[in-house]
Structure formats: structure tokens, C-alpha cells
Amino acid sequence: MAEKRDHIIVVGAGAAGLMAARELASGGRKVTLLEARERCGGRIHPLAESTFGYRADAGAEFIHGEAPVTTRLLAEAGLSAQPIEGERWHVENGVLSRRDPADRQMELLHRVLATIEQDLTVTALLDRHFAGQEFAGLRASVLGMVQGYDAADPDRASVFALREEWMGGERGGQARIVGGYGLLLDHLVAECRARGVSFAFQSVVTAIESTDDGVDVRCADGRAHRGDVVILTVPLPLLRGLALPSSMHRQVAAAADIGYGNVIKLLLRFERRWWTAMPDHDLSDMLFLLSNAEVPVWWTQHPRDDAVLTGWLAGPPTGRFAALDETMLIETGLAALAGIFAKPVTVLRQELAAARAFDWSKDPFARGAYSYATLATRGAQDVLTDWDGGPVLISGEALYRGRDIGTVEAALASGLATARHVLAR
Ligand SMILES: Cc1cc2nc3c(=O)[nH]c(=O)nc-3n(C[C@H](O)[C@H](O)[C@H](O)COP(=O)(O)OP(=O)(O)OC[C@H]3O[C@@H](n4cnc5c(N)ncnc54)[C@H](O)[C@@H]3O)c2cc1C
């Protein structure tokens with residue numbers, strides 16, 4: 001008699017889902033991947049090469065820190081990562097400079113952080129230790145990092161987690177995959193297909209029910225799939241919209257204790273790299289540009305010479321732009337650049353060759369960009385990964401216990417750990 005193979009249903013073909021599916025299929029399981037969209041990748045979203053001249057990333061773009069799982073995948077795929085290089089420019093009162101205005105006070109921030117014994121929110125930290133007028137620059141800089149980098153709400157973000165991120169010792173810098181995240185995605189998808197994973201796109205899962213002999217997964221279009229185990233990798237805010245077995249209510253409630261922030265990412269391609277020919281500065285080495293403009297952070301593709309500027313607005317300030325459509329967001333970006341570089345917006349508009357804007361809070365299958373740690377996050381992760389033998393396991397970037405929650409590495413590592421747990425059962 002043929003041996004029965006466990007059938008594992010993975011919901012979501014993002015980094016976590018693909019990684020889990022590949023591992024499970026390699027371990028001999030039958031795997032079905034149900035994906036709401038028509039594409040794989042989720043919050044990894046490479047665009048067509050024709051728009052920007054390369055496969056620009058509308059979602060994840062950088063590798064943060066050592067990222068061992070990502071690095072292993074790159075090596076097996078024959079891909080490489082290039083450490084980012086280039087200058088970080090700052091704009092203060094209309095003046096461009098390589099000097100970070102808050103540099104002098106950063107040392108003080110680190111000294112204070114080193115003495116903190118009980119976790120507190122970033123807002124509480126600033127109120128308690130840096131309330132004075134003399135710290136206005138430092139406060140702006142800390143809020144800029146917390147909101148801009150971690151997409152976090154300072155009223156909820158954990159100082160312990162940020163201390164680990166900022167001062168946690170050697171961690172490797174940032175890098176970009178040569179050719180973009182699309183190539184890593186292509187590799188993972190090809191690996192899944194080669195191992196027999198079956199993909200069902202446009203499968204919007206709405207309900208999961210435990211039955212006596214497994215699990216039934218129902219989709220919005222009426223299709224249903226029966227499996228032995230389900231791995232759910234949807235972004236955590238989407239869990240509440242699913243009808244899940246009542247035994248999972250504690251987990252769904254715990255998900256609210258993990259922060260989840262938004263990002264608006266703008267990609268503007270110009271006819272030429274006009275910013276390299278500013279009258280007073282040579283910006284040809286510019287990688288990042290940090291300002292207090294409405295779209296405060298911009299970066300280039302340096303050392304590549306694509307005439308593309310990427311704008312970045314993250315965290316609670318993105319809420320101010322919720323009513324804007326894509327065209328209006330692009331105009332907001334152009335106006336921000338015009339202010340930073342003291343150039344007429346009409347000139348920039350004439351130079352514009354292609355543009356896209358992505359407000360990730362409006363993406364129905366992401367509802368935001370990525371997770372961050374609150375004071376209650378570690379406890380919530382314990383509840384969410386309490387795999388008590390039940391048939392539904394939750395996985396994804398939010399469940400990563402390491403320092404870089406919210407990243408592609410976090411998603412890959414979480415997917416891998418979940419799959420290995422299922423294989424070991
Ligand atoms: C703008 C932006 C920039 C970023 N930059 C970086 C960066 O530079 N570096 C970095 O490391 N990380 C970055 N990230 C974060 C990174 O992209 C994510 O942490 C990671 O990709 C999440 O992977 P995941 O598999 O956990 O979730 P997802 O990628 O969200 O995958 C979940 C999948 O589930 C699907 N799904 C949702 N609901 C359903 C449903 N009901 N039924 C079926 N399928 C469903 C979704 O369509 C999606 O494909 C960025 C994210 C954004 C948005």
C-alpha cells in the first residue's frame with residue numbers, strides 16, 4: 001500500500017511561505033501554496049525592468065545585517081550582494097552637508113541607553129531624559145530613526161529592541177542584491193516548482209476549520225482545500241479578518257501586541273542625474289539624503305548610475321497622506337525634492353521619465369509594511385509560536401526572535417523554522 005504523505009497547505013507565497021514550502025517539499029511532504037495575489041513575493045515586489053531600467057523594488061530592497069539565511073540562499077543561487085556605499089547627506093535649514101546635525105548628542109543617547117534597566121517606549125525615554133530645548137535636534141533625529149527606519153510608532157516602540165538594533169555590537173552593514181530581490185525570489189519559486197509544490201494564485205483564504213482528520217481551508221471564490229497542517233504566513237494585521245478555529249483566539253489577540261508600521265515608497269526616474277550637478281556641492285557620491293521635508297528620506301542607486309531617486313516616508317506620519325492617490329503622492333515627492341534642492345517643481349516634472357508610488361497601507365494583502373517590537377512583543381511571539389500540536393501554525397517576519405524583526409531575513413528564517421518544526425513532528 002502506498003504510504004500516505006502529509007499534505008501541508010501554506011497560505012501566502014511571500015518570503016516565509018516560499019521558504020517553508022521549499023523545505024517541506026524537500027522533506028517529502030505534499031505542499032500546496034495558496035496565494036491571494038497573482039504573483040509571488042508579497043512584500044518583496046520587483047517591478048518590470050522596462051519602467052525604471054532595472055528591476056526596481058517597490059517593497060524590500062536592502063539586506064540588513066549578517067542575514068545568514070539570505071546569505072546562504074544567495075550563495076546557492078549563484079547571486080551576490082554588494083555592500084552599500086556612498087555618502088549620507090543631510091539638509092538642515094536649506095543647507096546640504098555631510099555632517100549629521102545630531103551627531104554630537106548621539107554619544108549621550110548611547111550613554112543613557114546603556115544604563116536603562118527596564119524597557120520603556122521611545123516617547124517615555126525622550127520625555128524622561130531628553131525633554132529640554134537643547135535636545136530638540138536629538139529628539140528629531142531619534143524620532144526620524146524610529147519612524148523612518150523601523151516604521152514604528154514612538155508611543156509603542158520598545159527601547160530595549162532599539163538598543164539591541166543600534167548598539168548590539170558587530171552586525172555587518174547593509175547590502176543590496178546585485179540584480180535586486182527579484183532574482184532571489186525567482187530562485188525560491190523555481191526551487192519550489194522543482195520540488196513539486198503546487199501554486200494556486202488568486203486564492204484569497206477566508207476561513208480555516210479544524211476537522212477530525214485535518215483542516216479545511218476555504219477561499220473567497222468558494223474553492224476549498226483539505227490538508228493535514230496549515231502554515232499561515234499572512235501579515236499579522238490580516239489574521240483578524242480570517243475565520244479561524246476558536247482554539248486560536250488567544251493567538252489572534254496576541255498579534256495586536258506586535259507593532260506593525262506603514263511605508264510610502266516613491267520611485268522617480270529622471271532623464272538624467274540632475275542632483276550630481278548642484279552649484280555648491282558635488283553630490284555624485286550621494287547614497288542617502290536625510291531632510292525634514294514632507295518626504296524626508298531619499299536614496300540613489302549609487303554606485304550604479306541609474307537616474308532614479310527613491311523617496312521614503314514611514315511610520316505614523318504616513319497617515320497624513322492617506323487620502324492621496326498615486327499621482328498626488330508623486331506630486332508630493334516632486335514638491336519635497338524641489339524644496340530640498342531649491343529647484344522649480346516644473347523643472348523636475350519636465351525631467352521626470354517614470355514614476356510610481358506605493359502606499360503599503362492600501363495594499364489589501366499587506367495593510368502596511370513591516371513589524372516592529374513593542375514592550376509586549378516578545379510575550380506575544382511566545383503565544384503565536386506556541387505550536388501545541390494543533391493543525392494551524394503561524395509564521396512570517398513578525399515572529400522572528402532575532403534583532404531584525406520586520407525584514408526579509410526574518411521572514412525566511414521564520415518560514416524555515418516553522419517548516420522544520422512540522423517535519424520534526
Ligand atoms: C516598502 C517596503 C520596504 C521594505 N524594505 C525592506 C528592506 O529593505 N529589507 C528587508 O529585509 N525588508 C524590507 N521590508 C520588509 C520585508 O519585505 C518583509 O518583512 C517580508 O518580505 C515579509 O515576508 P512574509 O513572508 O513574512 O510576508 P509577506 O511578504 O507579506 O507574504 C505574505 C503573503 O500572504 C499573502 N496573503 C495575504 N492575505 C492572504 C489571504 N487571505 N489568502 C492568501 N494569501 C494571502 C500576501 O499576498 C503575501 O504574498 C520592506 C517592506 C516594505 C513594504
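A polar contact is a pair of N or O atoms within 3.5 Å. The exercises below apply this to a predicted model.

**Exercise 1.** Determine which backbone atoms meet the polar-contact cut-off with oxygen atoms of the ligand.

*Solution.* Begin with Val-408: one of its polar backbone atoms is 2.8 Å from an oxygen atom of the ligand.

**Exercise 2.** Describe the surroundings of the ligand, and state how much of its accessible area the protein covers.

*Solution.* First, count the neighbours: 40 residues surround the ligand. The closest are Glu-35, Arg-37, Arg-43, Phe-62 and Gly-406. Then examine Arg-37, which places a polar side-chain atom 2.8 Å from an oxygen atom of the ligand. Finally, consider the cover: on its own the ligand has 1000 Å² of accessible area, and the protein covers 97% of this.

**Exercise 3.** Characterise the interface of domain 1 and domain 2.

*Solution.* Start with the bounds: the assignment gives domain 1 as 7–47 + 179–257 + 375–424, and domain 2 as 102–167. Their C-alpha centres lie 34 Å apart. In the contact, domain 1 takes part with 4 residues and domain 2 with 7 residues. The area buried between them is about 470 Å², with 52% from carbon and sulfur atoms. On the side of domain 1, Ala-256, Leu-375 and Arg-403 supply 90% of the area buried against domain 2. Lastly, consider the pairs across the interface: 0 salt bridges are found, while 2 residue pairs are in polar contact. The residues of domain 1 that touch domain 2 comprise 2 nonpolar, no polar and 2 charged.

Conventions:
Residues are numbered from 1 along each chain as its sequence is written. This is a predicted model: local features need pLDDT of at least 70, side-chain atom pairs count only at pLDDT 80 or more; totals for chains, interfaces and linings use all residues. Side-chain values use heavy atoms; hydrogens and water are left out. Domain bounds come from an automatic or database domain assignment. Contact means heavy atoms within 4.5 Å. Buried area is the accessible area (1.4 Å probe) that two parts lose on being put together, summed over both. A salt bridge is a side-chain nitrogen of Lys or Arg within 4 Å of a carboxyl oxygen of Asp or Glu. A polar contact is a pair of N or O atoms within 3.5 Å; within protein, one must be able to donate a hydrogen and the other to accept it, and residues adjacent in sequence count only if both atoms are side-chain atoms. Ala, Val, Leu, Ile, Met, Phe, Trp, Tyr, Cys and Pro count as nonpolar, Asp, Glu, Lys and Arg as charged, and the others, Gly among them, as polar. A residue is near a molecule or strand if one of its heavy atoms lies within 4 Å of it. Accessible areas come from the Shrake-Rupley method with a 1.4 Å probe; for residues, only the protein chains shown count as cover.
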